[in-house]
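Open the model in your viewer and keep the sequence panel beside it. This tour tells you what to select at each stop and what is there.

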Amino acid sequence: MIGGGDAGITVLVCVVVESERARMTLATKGSRRITVEGITFRWAVRRRPTYCQGNGWSPLSFVVEQAEQPGALLVVSLPCAHPGNWLGLPSRPVLPGTVTVGIHQALIAGWRPSRPGPAFKMLLSDTSLSR
């Protein structure tokens, strides 16, 4: 209430602040570099599983971004459990060859690593990995 006495005036103030959309980036610490088609990328796998990964509810995944001009992240899910899952479910290591396959397939599917935007998500199948 503003003012005293019998005025009884209520003032609502609404402030809209426009800011740049928050952008996710890949932490430099713990990430590895890889060059695919002449472009350098950084990639990482979570060292410890999330709660869902620990229970086997969500798959092992890795994240990729362009090193020099980061844009949209690439999130690649694999057809296996995180190696740190709590149930002893089958897993496999994420090797540079797997990351290369994921990047190639994402580029074919339309991922533009230098353009800002939402994360590009994809699932690699067992047949993709056996090439």
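Contact here means heavy atoms within 4.5 Å. With that in hand, a note on the model itself. This is a predicted model, in which local features need pLDDT of at least 70, side-chain atom pairs count only at pLDDT 80 or more, and totals for chains, interfaces and linings use all residues. Residues are numbered from 1 along each chain as its sequence is written, and side-chain values use heavy atoms, with hydrogens and water left out.

**Stop 1: the whole chain**

Show the chain as a cartoon. It has 3 helices and 5 strands. Helices (H or I, at least four residues) and strands (E, at least two) are DSSP runs, numbered from the N terminus. Follow the chain along its sequence and the pattern reads β-β-α-β-β-α-β-α.

Of the 131 residues in the chain, 32% are buried. Buried means under 20% relative accessible area, exposed over 50%, and partly exposed in between (1.4 Å probe, protein chains only).

Consider the contacts between residues at least 6 apart in sequence. Among these, 55% join residues at least 24 apart.

**Stop 2: the sheet**

Select the strands. In what order do the 5 strands of the open sheet lie? The order is β1-β2-β3-β4-β5, with mixed pairing. Two strands pair if DSSP finds at least two bridges between them. β1 (32-36) and β5 (120-123) stand at the edges; each has a single partner strand, so one side of each has no neighbour in the sheet. From one strand to the next, the twist averages 30°.

Strands of a sheet pair through backbone hydrogen bonds, either parallel or antiparallel. Step across the sheet to see both kinds.

- Select β2 and β3: they pair in the antiparallel sense over 5 bridges. Phe41 stands opposite Gln66 in β3.
- Select β3 (residues 61-66) and β4 (residues 74-77): this pair is antiparallel, over 4 bridges. Phe62 has Val76 in β4 as its bridge partner. Val63 stands opposite Val75 in β4, and Val64 opposite Leu74.
- Select β4 and β5: here the pairing is parallel, over 4 bridges. Val75 has Lys121 in β5 as its bridge partner.

Trace the chain from β4 through α2 to β5: this β-α-β crossover is left-handed. A crossover is right-handed if, with the strands pointing away from the viewer, the path from the first strand over the helix to the second runs clockwise.

**Stop 3: the helix across the sheet**

Select α2 (residues 96-109). This helix lies across β1, β2 (39-45), β3, β4 and β5, and runs at about 55° to β1. Axes are lines fitted to C-alpha atoms, for helices over the stretch in contact, and angles run from 0 to 180 degrees between N-to-C directions.

Pick Thr98, a residue of α2. Thr98 counts as buried because its relative accessibility is 14%. Beyond its neighbours within four places in sequence, Thr98 is in contact with Phe62, Leu78, Leu124 and Leu129.

**Stop 4: the core**

Which residues touch the most other members of the largest nonpolar core? Select Val64, Leu74, Leu78, Val99, Ile103 and Trp111, out of 20 core residues. A nonpolar core is a set of buried Ala, Val, Leu, Ile, Met, Phe, Trp, Tyr and Cys residues joined through side-chain atoms within 4.5 Å. β1, β2, β3, β4 and α2 each supply at least two residues of this core. The largest share, 4 residues, comes from α2.

Zoom in on Leu74, in strand β4. At 0% relative accessibility, Leu74 counts as buried. Leaving out residues up to four places away in sequence, Leu74 touches Phe62, Val63, Val64, Gly102, Ile103, Ala106, Trp111, Phe120 and Met122. Draw a C-alpha to C-alpha distance from Leu74 to Phe62: the two are 8.2 Å apart in space and 12 residues apart in sequence.

**Stop 5: a loop residue**

Finish at Glu37, in the loop between β1 and β2. Is Glu37 buried or exposed? Glu37 counts as exposed, at 56% relative accessibility. Most residues other than glycine have a negative phi. The phi of Glu37 is positive, near 55°.
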